[in-house]
Amino acid sequence: MGEFLDLIVFLVLMVVGYVAGRIAERRHYRSILEREKQMAGVLVFSNRFPPLSGAGGQALVAGSVVVSEDYFKRVVSSLQSVFGGRLRAYESLLDRARREAVLRMKQEASEQGARMIVNVKFQTFSIPGRNPRSYGAVEVMAYGTALTAR
Amino acid sequence: MLISNLEIVPGRRIVKHLGLVQGSTVRSKHVGKDIMAGLKNIVGGELKGYTDLLKEARQEATDRMVQQAQGVGANAVLNVRFSTSSITQGAAEMLAYGTAVVLE
């Protein structure tokens with residue numbers, strides 16, 4: 001009886017994770033695409049040095065986000081990792097997180113009136129769970145120097 | 001205090017280099033937030049509580065770095081980098097470091 005209950009809980013978590021995770025991912029991508037269009041005016045460079053013209057003010061800006069995968073993706077990925085190869089579930093998760101981080105950084109820059117961010121760096125940090133059984137999450141951060149034209 | 005991750009400041013000259021300054025803080029997760037995050041782990045997506053926690057920690061690390069820079073008489077910190085490492089389970093260290101300089 002106990003095993004049967006475990007199986008039911010597992011299946012419910014799988015279904016909830018799959019449905020909710022999918023809906024959330026689609027909604028997130030839609031919002032990312034929309035905001036990327038809005039923020040297209042803020043240019044992002046990974047150059048270490050700013051263009052020489054138009055030296056105005058500058059400020060450090062950053063955007064960060066902590067994301068975690070859903071239950072379904074976690075189970076599927078752990079099965080997939082037996083064979084190795086691409087883990088699509090994590091690819092899309094990190095893609096979303098990184099774009100979100102860049103958008104938040106751009107948002108901060110545009111609030112300060114900047115049109116350009118240079119020397120952009122990414123940092124990814126995997127947050128460990130409190131105990132070995134609990135799952136962690138991933139933080140993605142983007143930071144750079146926002147330049148405002150004089 | 002000007003904080004930047006560039007090595008130069010466009011249009012301004014560096015008069016004096018004062019060396020490396022740093023600031024750090026170690027934070028652990030809140031149990032309540034951890035439980036919420038555990039639930040959120042089922043459906044996935046952003047863990048807002050953690051995002052805010054890490055942002056706050058990073059701000060504190062930056063503030064401490066700025067304090068140190070003020071202590072040595074700098075008016076800008078250049079080439080700022082951030083680094084994060086996990087110390088034990090459920091805790092993380094935030095580090096901010098850069099070069100303290102005097103701009104003219």
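Two strands pair if DSSP finds at least two bridges between them. Helices (H or I, at least four residues) and strands (E, at least two) are themselves DSSP runs, numbered from the N terminus. The views below come from a predicted model, where local features need pLDDT of at least 70, side-chain atom pairs count only at pLDDT 80 or more, and totals for chains, interfaces and linings use all residues. Residues are numbered from 1 along each chain as its sequence is written, while chains are lettered from A and ligands numbered from 1 in the order in which they are written.

**View 1. A strand of chain A pairs with a strand of chain B.** Strand 2 of chain A and strand 3 (residues 45–46) of chain B run antiparallel and are joined by two bridges. Look for S68(A), which sits opposite G45(B) of strand 3 of chain B.

**View 2. The wider contact between the two chains.** Chain A puts 37 residues into the contact and chain B puts in 31 residues; two residues are in contact if their C-beta atoms, placed from the backbone, lie within 7 Å. On the chain A side, the elements giving two or more residues are helix 1 (2–38), strand 2 (58–68), helix 2 (71–83), strand 3 (116–127) and strand 4 (137–147). Strand 2 of chain A provides the largest share of that side, with seven residues. By type, the chain A side splits into 19 nonpolar, twelve polar and six charged residues. For that tally, Ala, Val, Leu, Ile, Met, Phe, Trp, Tyr, Cys and Pro count as nonpolar, Asp, Glu, Lys and Arg as charged, and the others, Gly among them, as polar.

**View 3. Chain A as a whole.** Chain A has three helices and four strands, and from the N terminus on they run α-β-β-α-α-β-β. Its radius of gyration is 20 Å, whereas a compact globule of 150 residues would be near 15 Å. That radius is taken over C-alpha atoms, and the globule rule is 2.2 Å times the number of residues to the power 0.38. Along the principal axes, the C-alpha atoms of chain A fill a box of roughly 75 × 30 × 30 Å. Of contacts in chain A between residues at least 6 apart in sequence, 82% link residues at least 24 apart.

**View 4. Helix 1 meets helix 2 in chain A.** The axes of these two helices of chain A come within 6 Å and cross at roughly 110°. That makes helix 1 of chain A roughly perpendicular to helix 2 of chain A, a label for angles of 65 to 115 degrees (under 35 is roughly parallel, over 145 roughly antiparallel, the rest oblique). The axes are lines fitted to C-alpha atoms, for helices over the stretch in contact, and angles run from 0 to 180 degrees between N-to-C directions. Helix 1 of chain A brings L13(A), M14(A), G17(A), Y18(A) and G21(A) to the contact, and helix 2 of chain A brings Y71(A), F72(A), K73(A) and V75(A). Sorted by type, the residues of this helix contact are six nonpolar, two polar and one charged.

View 5. V118(A) belongs to strand 3 of chain A and counts as buried because it has 22 C-beta neighbours inside 10 Å. The cut-offs are 20 or more other C-beta atoms within 10 Å for buried, 12 or fewer for exposed, and partly exposed in between, with C-beta atoms placed from the backbone. Leaving out residues up to four places away in sequence, V118(A) touches F45(A), N47(A), P50(A), G144(A), T145(A), L147(A) and, from chain B, L6(B). F4(A) lies in helix 1 of chain A and counts as exposed, with 8 C-beta neighbours inside 10 Å. From F4(A) to K121(A), 117 residues along the chain, the C-alpha atoms are 49 Å apart.

**View 6. The open sheet of chain B.** Four strands of chain B form this sheet in the order 1-4-5-2, with mixed pairing. Strand 1 (2–3) and strand 2 (14–28) of chain B stand at the edges with a single partner strand each, so one side of each has no neighbour in the sheet. Strand 2 of chain B pairs with strand 5 (residues 91–103) of chain B over 13 bridges in the antiparallel sense. Within that pairing, L20(B) has T99(B) of strand 5 of chain B as its bridge partner. Helix 2 (residues 48–71) of chain B packs on the sheet and touches strand 1, strand 2, strand 4 (76–86) and strand 5 of chain B.
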